[in-house]
Amino acid sequence: MPAVLATPFLGGCSGQTDYFDYVSEYRSGVYIFSEDGQELKIYCSRREAPYSLDGVKGALNDTVEVYYSAADTPSSVQIEIGGLEGEMNYRAVTRDFYLCFTAEDFSASGVDVQLTVDGEQKTLTALNVRQEGVIDGRQALECAVQYDGERFAALTQGNRFMGEISVRLLYDEACYYYIGVTDRDGNTYAYLLNGSDGRVLAEKS
């Protein structure tokens, strides 16, 4: 683990600030199945509802979002996952099916999903992309704070952070983290981090 992850972070001059307390969206889990022209993605998050990037953290809910697509687009898809079930909604723009549940992260190496596609039942296993060696969201945020401490300090009064933070686990052949910092004026500054060592790969305002 890189030394940066072990560094305590101070906000302002009056005490320690735990910036993770100001996270209004934390995508902690990503599970993926991709085979035979089918793709299933599951995103597990804890985020405010209603979701609004206004710089103020609201009450949080656990959310599981499921996306399914196939080479030959079916007319109907029903899903059962972890005791939750429902009919998925087709989205013409992205040509996939989507459904959202209120549920916690499965926190497993894989998730079995039962699908009924145009009346045909099948079971797919979506695998957790965050394997050994990938940091968690709190560590990723600490890396962003270490990288750009001045920005975080500028938004910190005493030990209070005057904004909200988004932390999202991403996957594209490897794991990454998106860290978004939104101030009270609704301005967002974002960082893309390597999921293994927390290095900042890109930043954008």
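At a relative accessibility of 14%, Asp 148 counts as buried, where buried stands for under 20% relative accessible area, exposed for over 50%, and partly exposed for the range in between (1.4 Å probe, protein chains only). The structure is a predicted model, in which local features need pLDDT of at least 70 and side-chain atom pairs count only at pLDDT 80 or more, while totals for chains, interfaces and linings use all residues. Residues are numbered from 1 along each chain as its sequence is written, and side-chain values use heavy atoms, with hydrogens and water left out.

Asp 148 has a charged partner: its side chain meets that of Arg 151 in a salt bridge (3.0 Å, N to O), the criterion being a side-chain nitrogen of Lys or Arg within 4 Å of a carboxyl oxygen of Asp or Glu. Arg 151, at 32% relative accessibility, is partly exposed. By this rule the count comes to eight salt bridges. Another of them pairs the side chains of Lys 41 and Glu 39, at 4.0 Å from N to O. Here Lys 41 is partly exposed, with a relative accessible area of 25%, and Glu 39 is likewise partly exposed, at 31%. A further salt bridge, of 3.6 Å from N to O, brings together the side chains of Arg 47 and Glu 65. This pair links distant parts of the chain, with Arg 47 in strand E2 and Glu 65 in strand E3, 18 residues apart; helices (H or I, at least four residues) and strands (E, at least two) are DSSP runs, numbered from the N terminus.

Besides the salt bridge to Arg 47, the side chain of Glu 65 makes a polar contact of 2.7 Å with the side chain of Tyr 98. A polar contact is a pair of N or O atoms within 3.5 Å; within protein, one must be able to donate a hydrogen and the other to accept it, and residues adjacent in sequence count only if both atoms are side-chain atoms. Not counting residues up to four places away in sequence, Glu 65 touches Lys 41, Ile 42, Tyr 43, Arg 47, Tyr 98, Leu 99 and Cys 100, contact meaning heavy atoms within 4.5 Å.

Glu 203, in strand E15 (residues 200-204), is partly exposed, with a relative accessible area of 37%. Its side chain forms polar contacts with the side chains of Tyr 147, at 2.4 Å, and Tyr 189, at 2.6 Å. Leaving aside neighbours within four places in sequence, Glu 203 is in contact with Tyr 147, Tyr 189, Ala 190 and Tyr 191.

Eight of the 11 residues of H1 are buried, so the helix is largely enclosed by the rest of the structure. Among these buried residues are Leu 141, Glu 142 and Cys 143, and the buried set packs against E1, helix H2 (149-154), E12, E13 and E14. At the start of H1, a side-chain oxygen of Asp 136 reaches to within 3.2 Å of the backbone nitrogen of Arg 138.

Finally, some backbone details. Most residues other than glycine have a negative phi, and most peptide bonds are trans. The peptide bond from Ala 49 to Pro 50 is cis, with omega near 0°, and Pro 50 is placed in the loop between strand E2 (38-48) and E3. Ser 107 has a positive phi, near 50°, in the loop between strand E7 (96-101) and strand E8 (110-117), and is exposed at 63% relative accessibility. Glu 173 also has a positive phi, of about 70°; this residue is found in the loop between E12 and E13 and is exposed, with a relative accessible area of 73%.
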